[in-house]
Amino acid sequence: MRKRKAAPAIALCLAAAMCLGGGAAFADEPPATVPEAPAAEAAGALSGAAEASYTVSYEFKSSVAWRTLNQEVKDLLPAAQADVADGTRVVPPAPAATEVRGDGGVWRFQGWDKAEATVDGADVRFVGTWKMEQYKPLFADYHFSPSTKSGAAGHDRLPKEVLDLLPAPIEGLKDGDVVHHPQPARTEVEVDGGKWVFDGWPMGDTSVMKGNLGTYASWTFVEDAPAPATAKRVQFSVHLLVDGGRDYPDAALLGEMKPALVSADGARVEPSRILANGFTFEFADVPEGEYTLEFSLPQGYRFAAGETASMGAYVDSGSRVQVKAGNVVRNFYTRLQQVPATLPPAGPAEPDGKDGAGKEPPRRSVEGGGNSGQRGRASQDPSKKSGPASSVKALPKTGDESGIAALAAAGAACAAAASLALARRARRDRESED
C-alpha cells in the first residue's frame with residue numbers, strides 16, 4: 001500500500017490563508033479592512049454611465065427648385081434616428097425605391113448630399129435629391145376663343161376661317177426653354193356682317209415650366225357699319241334732237257357714251273344694263289347722295305339743252321345729280337344733236353346766167369385779178385382799163401337788191417321749217433304723255 005504525501009498540500013493551504021489575511025498566519029487574527037466605493041460609482045457600475053445623444057434626420061428635394069416632389073417620392077423618406085451617441089458613424093440608407101413614375105415623366109433618385117457622417121456633438125442631417133426625367137419632349141400648343149365682349153354680344157363661336165389660323169404646336173421643348181409665340185397668318189378675317197380681329201397673345205415670350213405649355217388667345221368681332229340707304233334703280237335715258245323733234249340713239253352711239261355716277265370720294269357707279277327700249281342705262285342699288293353724272297359725247301354730237309316732256313331739264317356731262325333712296329325709279333335725261341356742217345358760201349349764178357328776176361347779175365370787178373373758176377370769183381373786163389373807176393368800192397345797187405331778196409327768201413324758208421319742227425315736236429310730246 002502506497003503512503004500519501006500530505007506535506008505539499010498543507011503548505012499550499014497555509015500560503016493561501018496568509019494572502020487573504022494580510023499575512024496573518026493564524027485564523028484568530030482579525031482580517032484587514034477594505035475601503036467601501038462611493039455610492040455614485042456603485043450605481044454606475046450597475047446601470048452604465050449617462051451620456052449625451054443626438055438625432056440623425058433625412059430630407060428630399062427636387063433638382064429644380066420650382067418643381068414639387070410627388071407624394072409617392074415623399075413617402076420614401078427614411079425615418080429620423082434619435083438617441084444616437086456622440087462619435088457614432090452614420091451611413092444614410094438608400095430609399096426603398098429609386099424610381100417613381102409621375103405625371104409627364106419619371107422621378108429618379110440622384111443620391112445623398114454626403115455618403116456618411118460622424119456624430120460630433122451635434123445632430124446630423126442628410127439631404128437626398130430627386131430629378132424628373134420626362135417621358136418625351138414637351139410641346140407648346142395654341143388655342144383660340146371669342147373674346148368675352150364678343151361672346152356677350154352673341155358672337156360666341158369662331159368661324160372655320162379663324163380656327164384654320166391656329167399655329168401648329170411647337171414640339172421638342174424642355175423645361176426652361178423660351179417659346180416665341182408665332183403670329184397668325186392673318187390678324188383680321190372678313191365675314192358676313194363684320195370681321196374678326198386678333199387680340200394678340202395675352203403674354204409675350206413664355207418660358208416652359210412644369211410641363212407642356214398651353215397658350216390661349218382671343219378674337220373680337222367688329223360689326224360692319226350700317227349699310228347706307230340705296231336707290232333700287234337709277235335710270236339715265238338718252239334722247240336725240242332731229243328735225244326739231246325727239247328721236248332715239250342706236251346701240252353703236254350708246255356704246256360710245258360710257259356713263260357713270262361719280263361720288264364725292266371718287267367712287268364710280270357704272271350701269272348694270274341697258275333696258276330693252278334701247279336708249280336707257282340702268283344703275284342698280286346706288287347709295288343715296290350727290291353724284292356727278294359723267295359720260296362721253298359720241299363723235300359728231302353735242303349736248304342739246306332743253307326740257308323733257310315732264311318739264312325736267314336735260315343734263316350734260318359733269319352735271320350734279322341727287323340720288324334718293326327708295327324703290328321709286330330715279331330718272332335722268334340727256335339730249336344730243338349732231339354738230340351741223342359749216343354753211344357753204346353763196347352759190348354761183350343760175351345756170352342760165354340770170355338771177356331770180358330774170359336779170360343778168362352784175363359782174364364784180366376785183367383789182368389785181370383772182371383764181372380762175374373759183375365760186376363767187378369776180379371777173380375782169382379786159383376792155384376796161386384799171387383805175388379808180390374800176391376798183392371795188394361797193395356792189396352795184398341791182399346786186400344789193402338781189403342779195404337782200406335771196407336772204408329774205410332763205411329766212412322765210414327757215415321760219416317755215418322751224419314752225420314745222422315745233423308742230424311735230426308738240427305732236428310727239430302729246431303722244432308720249434298719252
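I take two strands as paired if DSSP finds at least two bridges between them. Helices (H or I, at least four residues) and strands (E, at least two) are DSSP runs, numbered from the N terminus.

**Ground rules.** I am working with a predicted model, where local features need pLDDT of at least 70, side-chain atom pairs count only at pLDDT 80 or more, and totals for chains, interfaces and linings use all residues. Residues are numbered from 1 along each chain as its sequence is written, and side-chain values use heavy atoms, with hydrogens and water left out.

**Entry 1: strand β15.** I started with the hairpin of β15 and β16, where two residues sit between the strands and D243 takes a positive phi near 55°. Strand β16 (residues 245-247) runs antiparallel to β15 and is joined to it by three bridges; I found L241 bridged to R246 of β16. Next I looked up β20 (residues 280-287), which is antiparallel to β15 (residues 230-242) and linked to it by seven bridges. There, V234 has F283 as its bridge partner. Strand β24 (residues 330-338) also pairs with β15 over seven bridges, but in the parallel sense, and F236 meets F332 in β24 as its bridge partner.

**Entry 2: S237.** I then listed its contacts, meaning heavy atoms within 4.5 Å. Neighbours within four places in sequence aside, S237 touches F279, T280, F332, Y333 and T334.

**Entry 3: an open sheet.** I traced four strands in the order β18-β17-β21-β23, with antiparallel pairing. The edges are β18 (268-269) and β23 (319-323), each pairing on one side only. Between β17 (residues 260-262) and β18 I noted two bridges, and V262 stands opposite R268 in β18.

**Entry 4: aromatic rings.** My pairing rule takes rings of Phe, Tyr and Trp (its six-membered ring) with centres within 6.5 Å; planes under 30 degrees apart are stacked, over 60 edge-to-face and the rest tilted. How many aromatic pairs does this give? The count is 17. One of them is Y142 with W201, tilted, at 4.9 Å centre to centre and 50° between the planes. Y142 is in strand β8 (residues 138-146) and W201 in the loop between β12 (194-198) and β13 (206-207), so this pair ties together parts 59 residues apart in sequence. Both Y142 and W201 are buried. I also found one aromatic cluster made up of Y58, F60, F109, W112, F126 and W130.

How values were computed: Buried < 20%, exposed > 50% of the residue type's maximum accessible area, 1.4 Å probe, protein only.
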